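The following note sets out points for a colleague reading this model. The points are numbered and may be taken in turn.

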Amino acid sequence: MPAVTFDDVTKIYGEDTVALQDVSVEVGEGEFVILLGPSGAGKSTFLRVLNGLTHPTEGTVTVGGRSAGDVREEIGMVFQEHYLIENMSAFQNALTGALARNGFLRSLLTWHSQEDKRAALEALETVGLLAEAGQRAGSMSGGQKQRVGIARALVQRPSLLLADEPVASLDPKAARDVMGYMKRAATERDLTAITSLHQVNIAREFGDRFLGVRDGEIIFDGTRDDLTMDVVDEIYYGEGGDGEGGEAGAETASAGDPDESGETASEAVDPAGTPAEGGEPT
Ligand SMILES: Nc1ncnc2c1ncn2[C@@H]1O[C@H](COP(=O)(O)OP(=O)(O)OP(=O)(O)O)[C@@H](O)[C@H]1O
Ligand SMILES: [Mg+2]
């Protein structure tokens, strides 16, 4: 059974903003898939219908054979704006990933089992931050914060790990570090992973499979070898992309578009219900 199935999925915002159009795709268990595409292509929408933050207008999305909206606790999500609680330690932040499993009441009591605590430490180890477990999140670098965000998602024990522009606000070295840890986490824990990314060259280093999204449609689906410069140009610039020298795609638009309007602000709190605190300047 595929880990993820999109079956003729269309998502229309409002009257006529078509964010996804007849998308049908399957992702196999353990695949590490990277979504590429220009701003407004539909990448975030793809991830959001997948983790149940928004619902398709038409079509169905299933995760492990079940409707995406019903399996939210099995889906770990990493956001660009990590949503850490700044005045808590890396360890405490990672631990909040257990909330999605344990429920809200227990979380209010901030009661955590030994098992949860062990899971948090293991997750911090996976992202190379065991030695920093006690450090206040607010004092960490952007890359470290993002790694804590990954750890928190891992504590949730997801089968599917999603990330929306997880490295958009980081310098290239920190971005590579974070992607490396995410890849390692997925490999170590047999997770299926889907992430959007603007930096094509970094995507190439880590992805097994690439989906090129443009105007709400998947216009490319292939491996690293298939992802030639011409293909990158076509994904970002459209048919016959005519990018001179074929270089246009690399490192394209790495700034991304941090604010995605309306729905995002209220819905972007992660599935664990972590408070969206510390939205810091990028
Ligand atoms: N909450 C919303 N309400 C109305 N329109 C929306 C909403 N979210 C997204 N859209 C629109 O849907 C389309 C796809 O947006 P989406 O955020 O999925 O693109 P994206 O590929 O993630 O872009 P970016 O690279 O800038 O993050 C765009 O036209 C966008 O303006
Ligand atoms: Mg987006």
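1. How many bridges join β6 to β7, and do they run parallel or antiparallel? Five bridges join these two strands, and the pairing is parallel. One of the paired positions is glycine 76, whose bridge partner in β7 is leucine 161. The model is a predicted one, and the remarks below should be read accordingly.

2. Strands β6 and β7 belong to an open sheet of six strands with mixed pairing, in the order β6-β7-β8-β3-β9-β10. At its edges stand β6 and β10 (217-222), each of which pairs on one side only. From one strand to the next the twist averages 20°.

3. Helix α6 lies across β6 and β7, and runs at about 170° to β6. The helix is mostly covered, with 12 of its 14 residues buried. Among these are Val148, Ile150, Ala151, Leu154 and Val155, but also Lys145, Arg147 and Arg152. The buried residues pack against β6 (75-79), α2 (90-95), α5, β7 and α7. Just after the helix, arginine 157 takes a positive phi of about 50°.

4. Helix α7 (residues 172-188) passes the corresponding check: its 17 residues should span 24 Å at 1.5 Å a residue, and its end C-alpha atoms are 24 Å apart. Its buried residues are Ala175, Asp177, Val178, Met179, Met182, Ala185 and Ala186. Their cover includes the strands β3 (32-36), β7 (160-164) and β8 (192-196), together with the helices α5 (114-126), α6 (142-155) and α8 (200-206). After α7 comes aspartate 190, with a positive phi near 55°.

5. The largest nonpolar core has 76 residues; Leu36, Ala94, Ala123, Leu124, Ala151, Val155 and Leu162 touch the most other members. In soluble globular proteins, nonpolar side chains tend to be buried together. Leaving aside residues up to four places away in sequence, alanine 94 touches Ala120, Ala123, Leu124, Val148, Ala151, Arg152 and Val155.

6. Is alanine 137 buried or exposed? Alanine 137 lies in the loop between α5 and α6, yet it is buried, because 24 other C-beta atoms lie within 10 Å. Beyond four places in sequence, the residues that alanine 137 touches include Leu84, Ile85, Met88, Ala90, Lys145 and Val148.

7. Strand β1 (residues 4-13) and β2 pair over seven bridges, and threonine 5 stands opposite glutamate 26 in β2.

8. On confidence, the average pLDDT of the protein is 84, and 81% of the residues score at least 70. Over residues 243-282, however, pLDDT stays under 50, although the model has 73 contacts beyond four places in sequence for them. Where pLDDT is low, the predicted coordinates should not be read in detail.

Terms used:
Residues are numbered from 1 along each chain as its sequence is written. Chains are lettered from A and ligands numbered from 1 in the order in which they are written. This is a predicted model: local features need pLDDT of at least 70, side-chain atom pairs count only at pLDDT 80 or more; totals for chains, interfaces and linings use all residues. Two strands pair if DSSP finds at least two bridges between them. Helices (H or I, at least four residues) and strands (E, at least two) are DSSP runs, numbered from the N terminus. pLDDT is the predictor's confidence in each residue, from 0 to 100. Two residues are in contact if their C-beta atoms, placed from the backbone, lie within 7 Å. The expected span of a helix is 1.5 Å times one less than its number of residues. A residue is buried if 20 or more other C-beta atoms lie within 10 Å of its own, exposed if 12 or fewer, and partly exposed in between; C-beta atoms are placed from the backbone. A nonpolar core is a set of buried Ala, Val, Leu, Ile, Met, Phe, Trp, Tyr and Cys residues joined through C-beta atoms within 7 Å. Axes are lines fitted to C-alpha atoms, for helices over the stretch in contact, and angles run from 0 to 180 degrees between N-to-C directions.
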